[in-house]
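Trainee: I would like to go through this model term by term. Please set each value against its definition.

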Number of protein chains: 2
Amino acid sequence: MKKSPSIPSYESAMGREGLRLTPQRRQVYEVLMDKRDHPTATEVFIRAQKKMPSISLATVYNCLETMVGNGLVKAVHVDREPTRFCANLMEHGHFHCTGCGHISDIEFSQTHDKGWKLPSGFLVTQHDLTLRGLCTDCGATFKNSNNSQPTTK
Amino acid sequence: MKKSPSIPSYESAMGREGLRLTPQRRQVYEVLMDKRDHPTATEVFIRAQKKMPSISLATVYNCLETMVGNGLVKAVHVDREPTRFCANLMEHGHFHCTGCGHISDIEFSQTHDKGWKLPSGFLVTQHDLTLRGLCTDCGATFKNSNNSQPTTK
DNA sequence: CTAGGTGCAAAAGGTTTGCGGTTAA
DNA sequence: TTAACCGCAAACCTTTTGCACCTAG
């Protein structure tokens with residue numbers, strides 16, 4: 001677990017809004033940048049605690065809310081599961097493996113034809129796409145043995 | 001508020017699974033079929049209560065869960081807002097107006113080119129698309145007066 | 001008759017909030 | 001110095017659950 005060489009845009013993004021650069025916020029942000037998976041607030045809390053034992057869950061929630069509000073991180077919602085957080089700011093979708101529960105980013109292709117029929121006058125500012133299915137590993141497991149269903153968590 | 005002329009597929013869909021056709025379930029289903037908006041469990045409860053004052057919220061949750069489990073209705077998730085329910089069984093996406101909070105169904109076009117790049121081996125079984133933006137009314141309100149922001153609910 | 005469903009109240013679980021003490025700027 | 005922030009605990013709100021009674025089949 002090596003330290004990120006630099007903290008891209010953290011100082012500037014936080015500073016731009018007149019927000020304080022507190023150690024807690026830095027820690028939360030580093031957790032998100034370190035492993036680019038999609039941890040829940042609690043998972044962020046647990047990881048942050050390892051480096052900063054005094055941090056509280058409420059503070060993690062506060063930091064995450066602040067960062068989402070400032071567009072520094074994105075909140076990811078899958079069904080009614082706990083909110084997950086994502087430091088990937090590029091426009092992207094998510095793939096939710098119903099086998100292992102893992103969530104991975106998916107890129108949109110360049111020619112991304114937005115194939116939907118919108119009533120005229122509607123103005124779209126954002127679109128969230130979540131695919132569901134089996135990842136390579138879970139798909140293989142499922143194929144190889146009809147007895148063992150993929151772990152439905 | 002007139003009674004639906006018939007209850008399409010309710011008896012058969014419920015019966016097929018060996019589930020009882022209770023008055024409560026029928027009532028919950030009728031609420032969903034009546035206005036095809038996307039009510040939350042609590043909203044379904046309130047509407048159902050008007051016709052059946054003795055029904056309980058827990059029962060509404062139970063009925064909805066049963067019906068979702070049997071594919072008779074769909075659960076719709078937008079951010080971390082309360083789960084909404086939808087009787088439209090066709091594959092479709094949702095448009096969430098950030099002005100008035102209303103959720104409307106959107107159809108996919110025939111040629112719906114799925115413009116995303118998936119790691120090889122991933123198997124997609126389902127995709128949820130949620131667009132966010134302003135509906136015609138809220139967009140108009142926003143344009144006409146720069147002072148009055150659309151109701152952010 | 002009886003398995004499955006209902007209604008009530010209490011619990012669970014994620015998230016938010018009030019508040020006194022702390023700290024970055 | 002001081003407004004913003006932290007940490008704690010309690011509150012909130014949606015959803016789930018345990019259990020006694022009820023009812024559709």
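Trainee: What makes H4(A) stand out at the surface near DNA strand D?

Mentor: H4(A) gives the most to that surface, with three residues. This is a predicted model: local features need pLDDT of at least 70, side-chain atom pairs count only at pLDDT 80 or more, totals for chains, interfaces and linings use all residues, and side-chain values use heavy atoms, with hydrogens and water left out. Residues are numbered from 1 along each chain as its sequence is written, while chains are lettered from A and ligands numbered from 1 in the order in which they are written.

Trainee: Why does Gln24(A) count as a polar contact of DNA strand D?

Mentor: A polar contact is a pair of N or O atoms within 3.5 Å; within protein, one must be able to donate a hydrogen and the other to accept it, and residues adjacent in sequence count only if both atoms are side-chain atoms. An N or O atom in the side chain of Gln24(A) is 3.0 Å from a sugar or linking oxygen of DNA strand D, so the pair qualifies. For Arg80(A), the side-chain N or O atom is 3.5 Å from a phosphate oxygen of DNA strand D.

Trainee: Which polar contacts does DNA strand C have?

Mentor: Among them, a polar side-chain atom of Tyr61(A) lies 2.6 Å from a phosphate oxygen of DNA strand C. The side chain of Gln24(B) has an N or O atom 3.0 Å from a sugar or linking oxygen of DNA strand C. Ser56(B) uses a backbone N or O atom, 3.2 Å from a phosphate oxygen of DNA strand C.

Trainee: What classes of residue form the surface near DNA strand C?

Mentor: That surface has eight nonpolar, seven polar and four charged residues. Ala, Val, Leu, Ile, Met, Phe, Trp, Tyr, Cys and Pro count as nonpolar, Asp, Glu, Lys and Arg as charged, and the others, Gly among them, as polar. Tyr61(A), one of the residues nearest DNA strand C, is therefore counted as nonpolar.

Note on methods:
Helices (H or I, at least four residues) and strands (E, at least two) are DSSP runs, numbered from the N terminus. A residue is near a molecule or strand if one of its heavy atoms lies within 4 Å of it.
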